[in-house]
Amino acid sequence: MSTPRTDGRQRKRAKLNDARSILVQNSERSLADNRHLMVPEFVQSRQYEIQQLENAMIKSRNSSKKRAFQLVPRVLRRRAASHNIKRVPKRLRSRARKEMKDDNTPPKDKFARARAKRGHSRAIEMAKEQAHQRLRNRPILQLSSADATAVNSLARPPLGKLRFRGRQKKKTWLPTHVWHAKRAHIETKWGFSVPTAPTLKCYRPTHKADNVEGAVVWDTSYYSTFVIQNSESISSVENVLSSLTESETSKPKFLSGTKCWEGLLTDPDLKPSSKILGPGLIYYSPLQLAKTAKQYSAIVRFHPSILTTMVPLIQRLCKQFGASYYDCRYSIGSIDISGPKSITALSMIIKLAKPADGDADTEFKLAKERLWSNLTRLSNTASLPTSVVFGFNNVIDPRLSYPPRRPSPKKPMTSDELVDVIVDWNKDKVASGFENNLFTMDGRTASYKNQATIKAINRRRTNAGPGKKLVHNTNKDPLIPIVLIKRLNNSWTLLTPWNWVLPFWFSLNHIPHIKLGGLKQKHQLSFEKTRLFFPDDYPTTDSGWKCEHEKSTQRREQWFKRPKGKRVAYHKVITAEGVGEIGDPFKCDWTTLALIKHRKASALKNHKNTQDSISSNSQDANFINSHLNLQTAKNSPENIPSRSVYYIRKNILDLTNDYETESTDSDHNVCIDTDKVESEVPQLPLIPVKIKYLHRGVPKSQARIYCVPKTKANKWKTLLTQSPNNHADETNHEYPSCPSSDYLAGFVTTGEFNLKEGNGVAVGWLSAEDCLAEGDTDESLPKRISKEGICIVRNIGSSVGRLAKWERIL
Amino acid sequence: MPASNRQARPSTAPRARGRINGKLIKHPPPQLGQRPKDTIQIGSSTPFISGLKRVQKQLKVCTRPFLTVQGLGKSIEKVLALGVKLMELDHVVEVRTSTLRVVDEFTEIINDECRNDVDNDDTEIMRAREVSKVELRVYV
C-alpha cells in the first residue's frame, strides 16, 4: 500500500462521518412570537432541512459503494470490471484507474485481448485460416459472409473461425453467439448453442416489457427453415405442404402469400391419433403481380427438436410430388420480438431504400411501404389482422442508420384512420407481397455482396464527420431481403439472411426498453398467455416426451444431491391411499395414469377376478382394493370422439419401461410398479387445459389433477361459493380431503403464479374420459367433451388438494 | 355532461350489415404510442375494487388537474359504478361519452349471403364496428 494503514482508516472514518452527518437548522423564525405558527415560513424553513436529508441519503448510499464499477447500474455491470477498466463506462474510467493503482490491482486491460498479429506471424495465421475454410470448398480469401444452403440434401453447419473451431465441433453457434455469451446463460440444445436466460434476474422486467412498456427480443435462428420449390407449378409445392398440415395450407389466402399459416405439423403416415409432430409455420412466396414468377416456393419453419422426423418426411414427399427442397437452416436466420414497442422498434431498424425506377411493381411496392410506415406508432399488435406478413427486398444495412431513430411520418395517423387502413387491408391487394429474394439462394448471396465490415462502416462514419448521417450508396451498398410475420401470439418474427441477423440484432438492442430473452422467457410469456409451450407442454409428441424425461432426470439428480433430512420425503406424503406419492414424483407420470385408467376399465370387466392380481406389495394391494369400490365408469376410450383429442403415442408408452429401469432407487416409493405396465395399456386420450385456482395457492409443475368424486361433489361445490378472500384452509376441518388416485385425471405441465392474471394458474393435460360433458343420456352416441369444469389440483409432496377451474385450450 | 367540445366526426352511418356465418376474431382498437400514465383503462375482467384502488393511488401522484378512467362496451357499467363510488368519496367526477371504432375479422366463412356488399373475393372479411366508450374525469 502506498499510504500507511492508519491514514486510510482515518480517511474512511472521516468519509463516513461526512456522509452520515446531516446539517440542521435550529433557529425557528416561524415561531417568532412564540405563540402562532406562521405556516408559509415554517414550510420554507423545512425546505432546507429536507434537502439536506435527501442529499445525506444519497451520499450515505454511495459511500458504502467503494469502487467505481460498483456505481454502474446493474445492466451495465460486466464480469471483468473489477480488474479491467475497459469494462467500466468511460465516465468512470479515470476514477477506476486511480482506484486500481491505489490498491495495487494488476492492470489487466493490456493483457485482456491477445495482441493483433503483424507481419510474418499474421501471414501464417491467415494461411491457417484459409486452409481451414478450404475444408468447405469455399474460395480462398472469401472469409466474408456466404450462403450455406444445400439443395436436396442436408446443409453442413457453418465452419466458424479457426480460433473458435474447437468450440463448434459438436454444435453450431447462433449468429449472435458472442454477444449472448457475455449476457446470457447458454445451453447446447438441438445442435445449437441456445441462450436459455439472461444472466440478470428478469422475471418481472420480462413480464413488464411484454405487457406494459418495451419489448422482449430473441435470436431464434436455431429454428429449422426449409424452402420447398418447384419451377413449373405451384401444385407440387402445395401437395407437399398440405400433406404435412392436413390440407390446411391449401386455402387461397396462404397460397397467394397474403397470410402465413401457423399450426401443428402432422405426419401423414401415422394414424390420426398420434400424428402430431410439433408447431410449424408455412409461408408461400407471393407471386409477382406481373405473373412472371419463375419459381414457386414456400418457407417451412419448425422446431429443431422435430428435425429428425421432418427431414425424411420432406425428402419423401418432395420426391413423390416432384418438388425440390433447400435446407436453409444455416442460411435464413430469425429474430423474434414481442411487446408494445415491437412495431416501433422494428420500424426503427427496417429502413427502406426507394425502389429502382422502371420496376414494374413500383407503385405496388410503394403502397406496401406506405402501409408499413403508417404502423410506426402502433403499440398493440393485436389490432392488426391475424398472421399478416410484410416482405421487403430493399432494406438498408441497419448499421448505416445507427443509432436507430424512430421515423417521423409527415402526417401521423389517428386511431380512427388506422381502422380504415386495417379494414381495407385486403382490398387493394397490398396485403399480398411480391417475390421475395429471401427465398432464393441468389437473392441471399446478392445481399452479401459488398457487405461492409464494422471497420469499414466506422471509417465511413469518421470520414463523414461528426453529426453527419451515413447515406446509403445505391450503386454499392447491398439491399437486404426480409420477411416480417405477425405470429398468433401477437409477436413478430423477422426472417433475414443468416449473416444479416447480427447487424439487425446490434441495432435492435440499442433501442431503449428492449429486453433480452432466452428460452425461459419464451416459456414464461407463453405461460402468462396460457398457451402451450413446445416442447415442454406437449407430452403427446415425441419431443415433449423426451423433454419431460430429461427434465425429470435432472430433478431426480438434484433431489438426490440434497442431504436426506433436507429433501422432500415423497414416500411419506399422506395421500388418500395411505402414504407415498402417486407415480414418479419427478415427472408427469402419464404411464401411471394410463395404467389407472386401464385397470379401472378392466376392474369393471373382471369385477370378481381382481383378487388374483393383488400382489404382495401392500400399497399395490391398497390400490387394487380401492378399485373394488369403483363407481361405474361407463366411458371406455372408444366412446370418446376422436376430434380435438390428442393421444400419447403408443411407442412412447413402451419406451418408458426402458427409462424406468435405469433408475433403481428405492428411497421414494413409487405407488405403482411401472414394470408391470402391460403391453396392452390402452392409448390415453388427452385434452390440453388451462387451470385457474379458485382460492389460495399456486399450482406447480407435475402437480396432480383429480376430477371431483361424485360422492363428495356437494362438499367441494360448497367451496365454489366461497369468495377467494375467504381463505379455505387445510387447517379448517371442513375442507374436504384430496381424492384417491382413482380420480387422477391428469397432470400440470407448467404451473406458476401468473403475473398477468394475478392468480395461481397452470397449463396441463386432462384425460378426455374425465372431461365428458354431463347430461348426455344416450350412450350409443359419442359423447361431447365439455369446454370447462372444476377439478382438484394437488402439488407433489403436499397432501392438500385445491379446488380449481379448468378450461379447454388449443 | 359537457358535450359541447365533441368534435364533428365524419359520417358514421352504419353500412348495410348482413350476418356473416364464420369465425369472428375481434380486434382491439389500434393504440398509438404508449398509454399515458394518468389514463386508467378498465376492462371487463378488471375487478371493481382493483380499479378503485388504482384510481385512488394514481390520484395521489397525479400532476395534471384530472385523471382519466375509461372503459369500452361491456365495462361501461363498471366505469360508471366506479364514478358513482368516487363521487361518494367526495371527488369531482365528470362523465364523457364517445364512440370508438374497432375491427372485426371474419374467417372460415360458410355462407355467401353478404359477400356481395364486400367487393373482394377473399375468404376473409374485415369490418369496422363501433363501440361506445365512457370516460371519467376525476379531478384531483
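Is A:Ser387 buried or exposed, and what is its relative accessible area? In this predicted model, A:Ser387 is buried, since its relative accessible area is 9% and a residue counts as buried under 20%. The residue belongs to the loop that joins helix H11 (362-374) to strand E11 of chain A. Its backbone also deserves attention: phi of A:Ser387 is near 55°, a positive value in a residue other than glycine. Most residues other than glycine have a negative phi, and most peptide bonds are trans.

A positive phi occurs again at A:Asn490, where the angle is about 65° although the residue is not a glycine. A:Asn490 sits in the loop between strand E12 (479-486) and strand E13 (492-497) of chain A. With a relative accessibility of 30%, A:Asn490 counts as partly exposed.

The bond from A:Tyr402 to A:Pro403 is cis, with omega near 0°. A:Pro403 is placed in the loop that runs between strand E11 (389-396) and helix H12 (415-423) of chain A. A cis peptide bond, with omega near 0°, also leads from A:Phe534 to A:Pro535. Here the loop is the one between helix H16 (519-528) and helix H17 (542-561) of chain A, and A:Pro535 lies within it.

The last topic is surface charge. A:Arg9, A:Arg11, A:Lys12, A:Arg13, A:Lys15 and A:Lys66 form a positive surface patch. One of these residues, A:Lys12, is found in helix H1 (residues 5-20) of chain A. A:Lys12 is partly exposed because its relative accessible area is 45%, a value in between the limits of 20% for buried and 50% for exposed.

How values were computed:
Residues are numbered from 1 along each chain as its sequence is written. Chains are lettered from A and ligands numbered from 1 in the order in which they are written. This is a predicted model: local features need pLDDT of at least 70, side-chain atom pairs count only at pLDDT 80 or more; totals for chains, interfaces and linings use all residues. Side-chain values use heavy atoms; hydrogens and water are left out. Patches are made of residues with over 30% relative accessible area and no salt bridge: like charges are joined within 9 Å, nonpolar side chains (Val, Leu, Ile, Met, Phe, Trp, Tyr) within 5 Å. Accessible areas come from the Shrake-Rupley method with a 1.4 Å probe; for residues, only the protein chains shown count as cover. A salt bridge is a side-chain nitrogen of Lys or Arg within 4 Å of a carboxyl oxygen of Asp or Glu. Lys and Arg count as positive and Asp and Glu as negative; His and the chain ends are not counted. The place of a charge is taken as NZ of Lys, CZ of Arg, CG of Asp or CD of Glu. Helices (H or I, at least four residues) and strands (E, at least two) are DSSP runs, numbered from the N terminus. Buried means under 20% relative accessible area, exposed over 50%, partly exposed in between (1.4 Å probe, protein chains only).
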